[in-house]
Amino acid sequence: MAYLSDIEIAQAAKPELITDVAAKLGIEPDDLELYGKYKAKVSRELFNKVKDNKNGKLILVTAITPTPAGEGKTTTSVGLTDGLNKIGKKAAAALREPSLGPSFGIKGGAAGGGYAQVIPMEDINLHFTGDFHAITAAHNLCAAMLDNHL
């Protein structure tokens, strides 16, 4: 039996439109800030709409040292979310943009692995929604202003 690599699995997957994924969770299009067809941020106003829901649960996945096979926080989060959806629960994972470590091969790929990964992994490792780029630009501006002042 031949096993597929993470990249082969990712490239063979057919992504769902993020608007369709959001609709399954009851999220209206107006509550999405779209970044193309397959990724989005949810609006801050969405919290006010759902804050009184009684059945919500929050599971935090943090500080997991990856196994030798590479299963870490993202793989655990995506696998758990997929599993909950498989048994009929409405579940979503909120992931932050990875640091630059994954882009330069210092850490894992920050996209999960196997059949529990976020696609397209190329987007995740190269600017995703642009948040880290904005933080870097702000940091560089502050450093330049301080340097100029001194």
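Me: How many helices and strands does the chain have?
Reply: 6 helices and 4 strands. Helices are DSSP runs of H or I with at least four residues, strands are runs of E with at least two, and both are numbered from the N terminus.

Me: Experimental or predicted model?
Reply: Predicted: local features need pLDDT of at least 70, side-chain atom pairs count only at pLDDT 80 or more, and totals for chains, interfaces and linings use all residues. Residues are numbered from 1 along each chain as its sequence is written, and side-chain values use heavy atoms, with hydrogens and water left out.

Me: What pattern does the chain follow along the sequence?
Reply: Read in order, α-α-β-β-α-α-β-β-α-α.

Me: What share of the chain is buried?
Reply: Of the 150 residues, 21% are buried. Buried means under 20% relative accessible area, exposed means over 50%, and partly exposed is in between (1.4 Å probe, protein chains only).

Me: Switching to charges. How many salt bridges does a search of the whole structure find?
Reply: The search finds 2. The criterion is a side-chain nitrogen of Lys or Arg within 4 Å of a carboxyl oxygen of Asp or Glu.

Me: Which residue does lysine 24 pair with?
Reply: Glutamate 16, at 2.7 Å from N to O. Lysine 24 is exposed, at 52% relative accessible area. Glutamate 16 is partly exposed, at 43%.

Me: Which residue does lysine 49 bridge to?
Reply: Aspartate 31. The closest N and O atoms of lysine 49 and aspartate 31 are 2.8 Å apart.

Me: Why does that pair tie together separate parts of the chain?
Reply: Because lysine 49 lies in helix H3 (residues 45–50), while aspartate 31 is in the loop between helix H2 (18–24) and strand E1 (32–34). The parts tied together are 18 residues apart in sequence.

Me: Is aspartate 31 buried or exposed?
Reply: Aspartate 31 is buried, with a relative accessible area of 4%.

Me: Which residues does leucine 46 touch?
Reply: Ile27 and Asp31, leaving out residues up to four places away in sequence. Contact means heavy atoms within 4.5 Å. Leucine 46 and aspartate 31 are 15 residues apart in sequence, and their C-alpha atoms are 6.1 Å apart in space.

Me: On to H4. How many residues does it have, and how far does it reach?
Reply: H4 (residues 73–86) has 14 residues and reaches 20 Å from its first C-alpha to its last. That is close to the 20 Å expected at 1.5 Å a residue. The expected span is 1.5 Å times one less than the number of residues.

Me: Which residues of H4 are buried?
Reply: Thr74, Thr75, Ser77, Val78 and Thr81. They cover an arc of only 165° around the axis, so they sit on the same side of H4. The arc is that of the directions from the helix axis to the C-beta atoms.

Me: What do those buried residues pack against?
Reply: Strand E3 (112–113) and strand E4 (116–117).

Me: What follows H4?
Reply: Glycine 88, with a positive phi near 95°.

Me: Now the start of the chain. Which residues does aspartate 6 touch?
Reply: Gly112, Gly113, Gly114, Gln117 and Met121, not counting residues up to four places away in sequence. Aspartate 6 lies in helix H1 and is partly exposed at 35%. Its C-alpha is 5.1 Å from that of glycine 114, which is 108 residues away along the chain.

Me: And where is serine 5?
Reply: In the segment before helix H1 (6–12). Serine 5 is partly exposed, at 30%. Serine 5 and tyrosine 115 are 110 residues apart in sequence and 9.9 Å apart in space, C-alpha to C-alpha.

Me: Overall, what share of contacts join residues at least 24 apart?
Reply: 44%, among contacts between residues at least 6 apart in sequence.
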